[in-house]
Amino acid sequence: MPIHNSDIEEILDTVANLLEIKGENPFRVRAYRNAARTIQGLSQSVAEMVHTGQDLSELPGVGKDLGDYPRSSVETGTLLLLKELQGELPAGLTDLMKVSGLGPKRVAILYKELGITTLTDLAQAAEQGRIQALGGFGKKTEQRILEDTAKLQQTQAKRISLVVAEQVAGPLVEYLQQTPGAQDVIVAGSYRRQKETVADLDILATCGKGSKVMDRFVGYEDVRQVVSQGQTRSTVILRTGVQVDLRVVPQASYGAALMYFTGSKEHNIAVRKIGLAKKLKINEYGAFRGDKRVAGRTEEEMYAKIGLPYIEPELREDRGEIEAARKGKLPQLLEVRDIRGDLHVHTKRTDGHDTIEELVEAARRHGYDYLAITDHSKHVTVAHGLKPEQVHEQVREIDKINKKLKGFTVLKSTEVDILEDGSLDLPDEVLQELDLTVCSVHYKFNLSLKEQTDRICTAMENPYFTILAHATGRLIGQREPYQVDMEKVMKAAQRTGCILEVNAHPDRLDLNDVHCKMAKDMGVKVALSTDTHRLGNLDYMRFGVGQARRGWLEADDVINTRSVTELKKFLRKSRKAVAQLVS
Ligand code: DGT
Ligand code: CA
Ligand code: CA
Ligand code: ZN
């Protein structure tokens, strides 16, 4: 059974939660939680590592004690310990811990006193006023539980992140491709458009006569439930809860079907309308004039028939792409290979896991020419943020490393906290030693719209402010963005020449696609960065590129497509411009 990193993470997290509800030793609980975090951050598949005999106990946070748990998770799909715990406590209890204000102790009480084991139970009990009757809960708490539970139930009809979608889609596509007679197998839908989250996967396949691709699909060992099965279309639900649709179409319709199932629906409707005006009927089988199919084999052919050039999937949202295509004004979208370096990376000096040298080596393997080291500044105490003298020390360390490097530059930087009053967390004397800064809001998320916007815009007036990191602070599916007026922020960036980051971490994607487009339209440059905390995170760049493409960005809109010389020139110029502006 293929087991994904997200499965193992969930197993370990569930164990941690259940142990906590049971009231076990906090150190033991934390050990499981740390191991879960480690596995979540890995870019390699743990299943793969087990199969190739790698030593998992070397992974940070896993260690000797837990070394065997990920392995037995891979081999058995669960853990004996989890089974034992589930024998004692219902697994649904761990869902209850997601409700704000419900820690392990309260969950234990709700379970023991009222027999509550699921969010549905919880909502019901709260509605009936049974919770406020319990000791230590009260009326206000009950009301909050009710509101929060409703929100959670909504988000649990859950969209998955692109990284999870990839982990699910990759092995399944490979498996389908191995079917005798299978030809093209491709994931269409929102996944192909690189939407930040996807609800389900839409796979399209073509195959020769008599191929058993459909039987093989429903027989995939990861399938939990076959929702429907037919000759050309089936739907299944995988063990991970992800729904997958498979459509099988003849080669002659491949382009038409790909276009149709890639969507978006809005784009399709617009395309069909243009077809109609040209007396063409467009559907998933082709473009038809009367009964005659006049196109269908490729997407290019389909677009050409209605008089348009090929439109990249990321643009197909009916947000002006058709108009642009008609006028020959489609952007030449950014590609992963345009990126020359990463501008947001943490080392083990703060909350990263690797040394500068290790990161440089990995960056070189990515084909990069430069890398900015951006450890946290002092305000972020949980991450051991750097004090001025430690920044100074790191600057000297980087100077030394740069002397030894050929054809690669380590840029001196820091992820500087934007304090509540809009000042930066390090004095100018320190900031001036750096090539650039990455500035972020890491606390006081709850300021009013005006306060938060002012805070950020004020910070941008500092001549040493280079890049605004993760501008809205959201964590997809976990934390809403803080209140901030992005238009005002972009205007400030425009005025001061500051750059906005597209944080490529799949849980952030911040700027999002719409903000990317806004930046482009306002002439604000962006930086694509991974916010790497472990070597494997450097791979996240592709998700940032996906959002940038959805936001119509071209190589020239992105600062780290430039050579190191051009980049430094740009940075010097904008620093000077701001200094003049504010003097
Ligand atoms: P998702 O799954 O919510 O992340 O987003 P999509 O875009 O993958 O949506 P999905 O899975 O419902 O459908 C896949 C594609 O199939 C969609 O992008 C366009 C096409 N499609 C689905 N329903 C319709 C429809 O009623 N009309 C048209 N023209 N196309 C549709
Ligand atoms: Ca879909
Ligand atoms: Ca679908
Ligand atoms: Zn960071």
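This dialogue walks through some features of the structure shown above.

Colleague: What kind of model is this, and how are its residues and chains labelled?

Modeller: This is a predicted model, in which local features need pLDDT of at least 70 and side-chain atom pairs count only at pLDDT 80 or more, while totals for chains, interfaces and linings use all residues. Residues are numbered from 1 along each chain as its sequence is written, chains are lettered from A and ligands numbered from 1 in the order in which they are written, and side-chain values use heavy atoms, with hydrogens and water left out.

Colleague: Into which domains is the protein chain divided?

Modeller: Domain bounds come from an automatic or database domain assignment, and here they give domain 1 (5-155), domain 2 (160-248), domain 3 (253-326) and domain 4 (336-582). Taken over C-alpha atoms, the centres of domain 1 and domain 2 are separated by 29 Å.

Colleague: How should I read a helix such as α2, and which of its residues are buried?

Modeller: Helices (H or I, at least four residues) and strands (E, at least two) are DSSP runs, numbered from the N terminus, and the expected span of a helix is 1.5 Å times one less than its number of residues. Helix α2 (residues 26-41) has 16 residues and reaches 23 Å from its first C-alpha to its last, close to the expected 22 Å. Burial is judged by relative accessible area: buried means under 20%, exposed over 50%, and partly exposed in between (1.4 Å probe, protein chains only). By that rule the buried residues of α2 are Val 29, Tyr 32, Ala 35, Ala 36, Thr 38, Ile 39 and Gly 41.

Colleague: How are strands put together into a sheet, and what is the strand order in the sheet that contains β4?

Modeller: Strands of a sheet pair through backbone hydrogen bonds, either parallel or antiparallel, and two strands are taken to pair if DSSP finds at least two bridges between them. Here an open sheet of 5 strands has the order β2-β4-β7-β6-β5, with mixed pairing. Its edge strands are β2 (182-187) and β5 (223-228), each of which pairs on one side only. β4 (residues 200-207) and β7 (residues 243-248) run parallel and are joined by 6 bridges, with Asp 202 partnered by Asp 245 in β7 and Ala 205 by Val 248 in β7. β2 and β4, in turn, run antiparallel and are joined by 4 bridges, and Ala 182 has Cys 207 in β4 as its bridge partner.

Colleague: Is β4 buried or exposed, and what lies across it?

Modeller: β4 is mostly covered, since 8 of its 8 residues are buried. On one side these are Asp 200, Asp 202, Leu 204 and Thr 206, and on the other Leu 201, Ile 203, Ala 205 and Cys 207. Contact means heavy atoms within 4.5 Å, and axes are lines fitted to C-alpha atoms, for helices over the stretch in contact, with angles running from 0 to 180 degrees between N-to-C directions. Helix α14 (residues 254-262) lies across β2, β4 and β7, and runs at about 180° to β4.

Colleague: Where does Ser 529 sit, and which residues does it touch?

Modeller: Ser 529 is in strand β17 (residues 526-529) and is buried, with a relative accessible area of 0%. Not counting residues up to four places away in sequence, Ser 529 touches Asp 342, Leu 343, His 344, Glu 501, Val 502, Asn 503, Ala 504 and Met 541. The open sheet of 7 strands has the order β11-β12-β13-β14-β15-β16-β17, with parallel pairing, and its edge strands are β11 (341-345) and β17. β17 pairs with strand β16 (residues 499-503) in the parallel sense over 4 bridges, where Val 502 stands opposite Leu 528 in β17. Helix α24 (residues 541-550) packs on this sheet, touching β11, β16 and β17, and its direction makes about 145° with that of β17.
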